[in-house]
Amino acid sequence: MTNTTNIRDEDLIHYIASELNGCASFGAIVLNKVLYYSDNLHYLKFGRSISSFKYVNRDFGPTPEPVEFFAAQRNLIKEGKIKEEIHNGIVRNKKKIVALKPSSKQLFSADELKTIDEVIADFKTQTAYELSVKSHAELGWQLTKVGEEIPFNAFLLNVPELNEEDYIWAADE
């Protein structure tokens with residue numbers, strides 16, 4: 001790990017890669033979406049993200065800020081924890097992230113792991129294209145320009161309006 005990366009960020013990337021090893025759709029785009037939604041859903045539930053990544057608007061949807069993300073990824077490759085493979089695709093090449101060693105969960109709380117695992121379970125069967133379409137529907141992505149940071153509180157714009165059932169539930173608490 002260097003000064004420009006965070007060990008938790010590296011462990012998060014490694015954990016996701018380990019959990020999705022062998023998944024046909026898992027590549028760089030899916031990794032970016034799992035990171036983005038894990039951090040944002042955790043922020044929505046607990047008021048803080050899991051990683052220290054900032055997210056920016058990119059053509060295929062939100063991604064971690066590239067300098068931070070690629071520094072963490074390079075460190076994981078250098079440490080022999082993951083490797084990147086390029087697979088030829090019909091339209092474009094696909095970058096696959098392959099975990100080479102088991103990942104560590106020790107830096108994450110039970111709540112953080114639950115959030116990450118829920119996102120992985122939801123996204124495991126979706127393609128990079130489907131997840132890009134989903135992320136393009138997010139108001140935070142729509143309201144920013146390519147390269148601009150998407151603040152975590154922008155994810156709150158996607159929360160559906162409360163209905164009568166929500167008000168009844170809240171009154172019972």
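## Basis

Residues are numbered from 1 along each chain as its sequence is written, and side-chain values use heavy atoms, without hydrogens or water. In this predicted model, local features need pLDDT of at least 70 and side-chain atom pairs count only at pLDDT 80 or more, while totals for chains, interfaces and linings use all residues.

## Helix α4

Helices (DSSP runs of H or I, at least four residues) and strands (E, at least two) are numbered from the N terminus. α4 has 14 residues and spans 20 Å from its first C-alpha to its last. That is close to the 20 Å expected at 1.5 Å a residue, taken as 1.5 Å times one less than the number of residues.

Buried (under 20% relative accessible area, 1.4 Å probe, protein chains only; exposed is over 50%, partly exposed in between) applies in α4 to Glu112, Leu113, Thr115, Ile116, Val119, Ile120 and Phe123. Seen down the axis, these residues fall within an arc of 160 degrees, so they line one face of the helix; the arc is that of the directions from the axis to the C-beta atoms. Ala110, Lys114, Ala121 and Asp122 are exposed on the other side. The cover over the buried residues includes α1 (7-19), α2 and α5.

## Valine 119

Valine 119 has a relative accessible area of 4%. Beyond neighbours within four places in sequence, valine 119 is in contact (heavy atoms within 4.5 Å) with Val34, Tyr37, Ser38 and Leu41.
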